[in-house]
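Here is a short tour of helix packing and pocket lining, written for someone who likes to know the cut-offs. Have the viewer open as you read.

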Amino acid sequence: MISIHPTAIVSPKAKLGDGVTVDAYAIIHDDVEIGDGCYIGPHAVIYDYARIGNRVKIYHHSSIAHVCQDLKFNGEVTYAYIGDDSTLHEFVTVHRGTIATGKTVIGKKAYLMAYTHIAHDCVLEDNITIANCTHLGGHVLIQRNAVIGGLVKIHQFCRVGKFCMVQGQRKVAKDVPPFVLAGNVDLSYVGLNSIGLRRNGFTADQIAKIKNIYNYIYYSHLNVSQAKEKIIEEFKGESFTQDIIDFLNTSQRGIIGK
């Protein structure tokens with residue numbers, strides 16, 4: 001069964017799965033695909049080229065797959081994807097991609113709180129939590145299981161590593177490496193996201209090793225290249241070691257300081 005409020009406007013061309021509920025005054029455009037068991041809240045607008053998975057909740061006044069805020073954008077067909085079991089609270093905005101990548105992607109089990117903005121060409125991996133009023137510039141990558149506080153501004157092309165936590169009301173202008181806690185007025189490394197790591201099954205031994213890795217990066221006399229060599233030598237074979245090394249090797253903006 002599909003439940004559509006009589007005041008909602010739903011294109012007959014849109015593809016709605018089983019058990020979808022569309023609340024009052026919502027608008028769903030032509031080229032839209034919505035999976036099973038989704039909820040579209042009052043006054044939400046789902047624009048062309050939205051691809052929404054199963055059991056997604058999109059609350060009132062949210063805007064999904066609207067044209068992006070990029071002066072180079074010229075009306076190309078691009079997409080916005082939202083993964084299964086994600087929740088987007090009120091006034092969340094998700095813009096579709098540009099021709100650069102063709103898509104904006106939000107993974108499975110994302111939890112985006114009120115007034116979050118996801119700009120063009122962003123990629124959010126699975127299990128991301130973003131608190132109220134946080135805004136992502138274009139081409140931002142948030143790796144899985146990261147937690148971003150409220151009122152955070154993330155500069156375009158920045159990356160936030162897996163299992164990170166970024167303190168609220170901060171500006172992210174450089175990459176935040178995996179597993180860390182980032183805070184202070186000028187965003188910097190303040191330790192590990194130890195609570196988040198424990199909640200996600202990391203052992204005390206693993207957490208201690210990750211801490212030692214970051215001690216080499218942030219508190220030794222070594223530069224980053226030397227620190228990487230030391231880390232590979234001492235912690236070879238650990239999956240988290242490769243995660244950190246890969247992140248450092250692919251950083252274009254540089255990582256946050258201490």
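## The pair α2 and α4

At roughly what angle do the axes of α2 and α4 cross? The crossing is at roughly 30°, and the two axes come within 10 Å; axes here are lines fitted to C-alpha atoms, for helices over the stretch in contact, with angles running from 0 to 180 degrees between N-to-C directions. Helices are DSSP runs (H or I, at least four residues), numbered from the N terminus. α2 and α4 are therefore roughly parallel to each other, a term for angles under 35 degrees, while those over 145 count as roughly antiparallel.

This crossing is right-handed, the word used when the near helix is turned clockwise from the far one by less than a right angle; anticlockwise makes it left-handed. On the α2 side, Q206, K209, I210, I213, Y214 and I217 meet F240, T241, I244 and L248 of α4, where contact means heavy atoms within 4.5 Å. That contact has 7 nonpolar, 2 polar and 1 charged residues (Ala, Val, Leu, Ile, Met, Phe, Trp, Tyr, Cys and Pro count as nonpolar, Asp, Glu, Lys and Arg as charged, and the others, Gly among them, as polar).

A note on the model: it is predicted, local features need pLDDT of at least 70, side-chain atom pairs count only at pLDDT 80 or more, and totals for chains, interfaces and linings use all residues. Residues are numbered from 1 along each chain as its sequence is written, and side-chain values use heavy atoms, leaving out hydrogens and water.

## α3 and its two partners

Helix α2 (residues 204-218) and α3 have axes that come within 9 Å and cross at roughly 155°, so they are roughly antiparallel to each other. α2 passes α3 in a right-handed crossing. In α2, K209, N212, I213, Y216 and I217 meet A227, K230, I231, E234 and F235 of α3.

For α3 (residues 224-235) and α4 (residues 239-249), the axes come within 10 Å and cross at roughly 160°. This crossing is left-handed. Its contact is made by K228, I231, I232 and F235 of α3 with T241, I245, L248 and N249 of α4.

## The largest pocket

The largest pocket holds about 220 Å³ of space. On a 1 Å grid over the protein atoms alone, a pocket is an open set of points where a 1.4 Å probe fits, with protein on both sides within 12 Å along at least five of seven lines; lining residues have an atom within 4 Å of a point. Points are joined across faces, edges and corners, and volume is the space filled by probe spheres set on them.

Of the 15 lining residues, V147, M165, N193, G196 and R199 are the closest to the pocket's centre. Helix α1 (residues 194-199) gives the most to this lining, with 4 residues.

Definitions and conventions
Helices (H or I, at least four residues) and strands (E, at least two) are DSSP runs, numbered from the N terminus. Angles under 35 degrees count as roughly parallel, over 145 as roughly antiparallel, 65 to 115 as roughly perpendicular and the rest as oblique.
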